[in-house]
Amino acid sequence: MALVLGLSSAQWDPHTAYDRQTMVHLFEWKWIDIADECERFLGPYGYGGVQVSPPNEHAVVWSPFRPWWERYQPVSYLLNSRSGSDADFREMVQRCNAVGVRIYVDAVINHMAAKGLC
């Protein structure tokens, strides 16, 4: 019973900085651009979080354009994607957290795409 009550009450705690609850999803943005946005707009205007696209290395689909869904075809757990490098990701998290904005990752777990598939 305690587990059920604990799980149902979790919806009321967004795990943002105090008195911040609004979040945005900056889908497909580069990590450095998200860091800039946190400092320039989101932090000063009281946003609590940013959901980002999956950060891990993913398959590259060669076509006239790169479809959004290739981000959901992980090939490793390395944090290198078309949004930036591992260092860029760390810098983004540090800069956003410094202005009270938390990073929420859209994670793809429990499967991998074939590296040579695309």
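This report describes the fold, the strand sheet, the disulfide and the aromatic pairs of one protein model.

The model is predicted, so local features are reported at pLDDT of at least 70 and side-chain atom pairs at pLDDT 80 or more, while totals for chains, interfaces and linings use all residues. Residues are numbered from 1 along each chain as its sequence is written, and side-chain values use heavy atoms, with hydrogens and water left out.

**Overall fold**

The protein has 3 helices and 3 strands, where helices (H or I, at least four residues) and strands (E, at least two) are DSSP runs numbered from the N terminus. Along the sequence these elements follow the pattern α-β-α-β-α-β. Of the 118 residues, 36% count as buried; buried means under 20% relative accessible area, exposed over 50%, and partly exposed in between, with a 1.4 Å probe and protein chains only. The accessible surface comes to about 7,400 Å², of which 60% belongs to carbon and sulfur atoms; these areas come from the Shrake-Rupley method with a 1.4 Å probe, and for residues only the protein chains shown count as cover. Among contacts (heavy atoms within 4.5 Å) between residues at least 6 apart in sequence, 64% join residues at least 24 apart.

**The sheet and the helices across it**

The 3 strands form an open sheet in the order β1-β2-β3, with parallel pairing; two strands pair if DSSP finds at least two bridges between them. Because β1 (23-25) and β3 (102-105) stand at the edges with a single partner strand each, one side of each is left without a neighbour in the sheet. Neighbouring strands are turned by 25° against each other on average, direction ignored. Strand β2 (residues 49-52) is joined to β3 by 4 bridges, and Gln51 has Tyr104 as its bridge partner in β3. Helix α2 lies across β1 and β2 and runs at about 160° to β2, whereas α3 lies across β2 and β3 and runs at about 135° to β3. For these angles, axes are lines fitted to C-alpha atoms, for helices over the stretch in contact, and the values run from 0 to 180 degrees between N-to-C directions.

**The disulfide**

The count comes to 1 disulfide, defined as a pair of cysteine sulfur atoms within 2.5 Å. It joins Cys38 to Cys96, with an S to S distance of 2.2 Å. This pair links distant parts of the chain, with Cys38 in helix α2 (residues 31-42) and Cys96 in helix α3 (residues 86-98), 58 residues apart. The torsion about the S-S bond of Cys38 and Cys96 is about 90°, and the disulfide is therefore right-handed. Both Cys38 and Cys96 are buried.

**Aromatic pairs**

The whole structure holds 5 aromatic pairs. Rings of Phe, Tyr and Trp (its six-membered ring) pair if their centres lie within 6.5 Å, and planes under 30 degrees apart count as stacked, over 60 as edge-to-face and the rest as tilted.

Trp31 lies in helix α2 and Phe89 in helix α3, so their pair ties together parts that are 58 residues apart in sequence. Trp31 is buried, with a relative accessible area of 0%, and Phe89 is buried at 10%, whereas Phe41 counts as partly exposed at 29% relative accessibility. Elsewhere, ring pairs link Phe27, Trp68 and Tyr72 into a cluster.
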